[in-house]
Amino acid sequence: MGIDVIWINPIYQSPNDDNGYDISDFYDIMDDFGTMADFDELLKEVHDRGMKIILDLVINHTSDEHEWFLESRSSKDNHYRDFYIWQPGKPDGSPVNNWESFFGGSVWEYDEQTGEYYMHIFSKKQPDLNWENPRVGKRLYEMTNWWLEKGIDGFRVDAITHIKKKKGYPDLPNPKNRTFVPSNSGHANQPGIDAFLSEFVERTIKNYDVMTVGEAGGAKFEEARHWIGEEDGYFNMIFQFDHLGLWKAKDGELNMDELKKAMTKWQKGLEGQGWNALFIENHDQPRSVSTWGEDNAFRKTSAKAFATFYFFMQGTPFIYQGQEIGMTNVRFDSIETYNDTGLINLYEHETKNGMSYEEMMSYIWKNGRDNARTPMQWSSAPQAGFTTGTPWFGVNPNYPDINVEEAVKDPDSILNYYKKMIKLRKHTPALIYGSYELIAEAHPHVFAYLRLYKNVRYAVIVNLFNAATEIRLSDDLEIEELLLSNYSLIDELNPSMQLGPYEARVYRLANS
Ligand code: GLC
């Protein structure tokens with residue numbers, strides 16, 4: 001494809017309760033994925049090709065099967081007891097507070113053995129580490145440096161905004177009188193997190209020439225500089241989620257106004273200060289073509305439109321596996337066939353609270369993380385060519401039509417379009433370094449922006465809707481050359497343009 005860096009989701013030893021984000025041994029590879037020797041070979045082969053590998057670094061929590069936790073839960077006076085967050089319940093025996101886990105239910109799990117609760121903001125098999133205990137940090141730095149010494153090229157740092165919890169674990173306001181309330185305000189980006197982050201960075205990644213991207217849910221834009229400032233930010237980039245909730249948020253329609261605001265805020269705001277991580281998909285989100293675009297007759301065109309929209313902004317574009325061939329959401333009939341621990345917990349809690357099976361399944365089909373986790377579709381062979389055995393999770397039944405083999409052959413495929421985009425970006429300094437300027441701000445269907453570098457200018461113009469439209473460029477923007485398009489027939493170059501459904505174009509403009 002022409003990519004430079006591969007980010008691999010966690011492949012550490014793990015009971016795999018949460019897609020590998022529940023690590024039982026940081027220093028070993030999960031049996032399903034092979035051995036450390038396999039990893040070393042992968043690293044070498046990737047480096048030999050001039051590419052790089054970054055790994056997930058999961059340091060907010062471990063698996064409940066990690067030896068630290070096994071020790072920790074064994075008795076109250078164990079050396080590892082304070083590696084995790086233990087608290088007695090309320091006098092009536094109920095959980096410590098009303099904080100809700102991201103995966104439904106309480107963040108507290110009662111443990112018979114010592115009669116106390118431990119905190120888990122994700123699944124109960126993912127106990128949160130206690131960063132207040134300096135010995136925890138020490139062990140995590142050691143481990144991080146061990147991987148860096150091995151020669152990996154950096155990390156995507158998981159759930160990093162959650163490592164500091166609100167002191168005393170107070171109940172959170174509960175106006176609707178629910179059993180548990182969403183608890184970000186108890187553990188996302190809490191005052192005091194900076195001391196943890198500074199020390200972590202100082203003792204680990206700062207001493208290596210590596211690339212880092214923090215998963216920073218809850219990080220405020222106003223504080224972005226501090227997270228990713230060129231001079232002394234903690235990471236090189238962060239994944240922020242301002243744009244994700246806007247996917248067809250308003251009456252089932254994409255909220256263009258909000259989307260333009262969200263993207264532009266980060267584009268303009270970080271300019272000269274820090275670097276954006278650009279993405280429209282990951283392993284936690286439904287497929288973009290099904291959510292933002294359309295996975296029917298317009299699958300190819302809409303996938304390319306949304307690709308064009310984010311790919312040429314300022315920052316580093318990330319592509320999630322399968323996005324490059326336009327893999328779609330999936331509809332499995334029964335909850336039993338699903339794998340995501342978050343979904344399954346949510347299902348249990350919501351059906352207990354009265355949600356019907358039908359309502360719950362349609363929620364899962366639309367929003368579930370498993371939409372993006374079906375095996376990669378390589379070919380039209382059984383199991384999409386992913387394996388000759390039984391895959392760990394169901395294959396999307398549309399694999400005979402949507403697969404890599406097919407996409408490689410088809411000059412018009414989404415895959416070949418991605419290749420063109422990558423090449424264009426790599427060979428065009430303005431599309432990498434150029435500043436960003438939103439144009440046609442009030443257009444209800446077209447997302448359009450300029451990239452400006454020295455006196456060179458490019459325009460990216462994308463109709464994000466399934467209806468033809470028109471856009472008029474201002475007179476000072478003179479088109480010189482069409483560089484990329486997801487349509488084969490383009491009307492002549494003039495400042496007033498008709499755009500078909502989901503039509504996307506990238507132009508070089510005359511110098512300013
Ligand atoms: C991050 C990961 C997600 C995981 C969670 C807990 O949000 O992206 O997949 O479930 O952290 O580790």
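User: What makes N145 count as buried?

Analyst: Buried means under 20% relative accessible area, exposed means over 50%, and partly exposed lies in between (1.4 Å probe, protein chains only). N145 has a relative accessible area of 18%, so N145 falls on the buried side. A word on the basis: this is a predicted model, in which local features need pLDDT of at least 70 and side-chain atom pairs count only at pLDDT 80 or more, while totals for chains, interfaces and linings use all residues. Residues are numbered from 1 along each chain as its sequence is written, and side-chain values use heavy atoms, leaving out hydrogens and water.

User: Where is N145 found, and how far is the backbone oxygen of R203 from a polar atom of its side chain?

Analyst: N145 belongs to helix α3 (residues 134-150). Helices (H or I, at least four residues) and strands (E, at least two) are DSSP runs, numbered from the N terminus. The side chain of N145 has a polar atom 3.1 Å from the backbone oxygen of R203.

User: Why is the pair of W99 and Y169 called edge-to-face?

Analyst: Rings of Phe, Tyr and Trp (its six-membered ring) pair if their centres lie within 6.5 Å; planes under 30 degrees apart count as stacked, over 60 as edge-to-face and the rest as tilted. By this rule there are 44 aromatic pairs. For W99 and Y169 the ring centres are 6.2 Å apart and the planes stand at 75°, so the pair is edge-to-face.

User: What makes this pair a tie between parts that are apart in sequence?

Analyst: W99 lies in strand β6 (residues 99-100), and Y169 lies in the loop between β9 (154-158) and β10 (181-182), so the pair ties together parts that are 70 residues apart in sequence. W99, at 0% relative accessibility, is buried, and Y169, at 17%, is buried too.

User: How do you know that F221 and W266 are edge-to-face?

Analyst: Their ring centres are 5.1 Å apart and their planes are at 80°, so this pair is edge-to-face. F221 is in the loop between β11 (211-215) and α6 (224-228), and W266 is in helix α7 (residues 256-269), so the pair links parts 45 residues apart in sequence. W266 has a relative accessible area of 2%, so W266 is buried.

User: What makes R49 and E45 a salt bridge?

Analyst: A salt bridge is a side-chain nitrogen of Lys or Arg within 4 Å of a carboxyl oxygen of Asp or Glu. Between R49 and E45 the N to O distance is 2.9 Å, and their side chains meet in a salt bridge. R49 is exposed, with a relative accessible area of 56%, whereas E45, at 33%, is partly exposed. By this rule the count comes to 33 salt bridges.

User: Are R287 and E281, another such pair, buried or exposed?

Analyst: The side chains of R287 and E281 meet in a salt bridge at 2.7 Å, N to O. R287 counts as buried because its relative accessibility is 0%, and E281 is buried with a relative accessible area of 4%. Elsewhere, salt bridges with shared partners join D18, D284, D340, R369 and R373 into one network.

Notes
A polar contact is a pair of N or O atoms within 3.5 Å; within protein, one must be able to donate a hydrogen and the other to accept it, and residues adjacent in sequence count only if both atoms are side-chain atoms.
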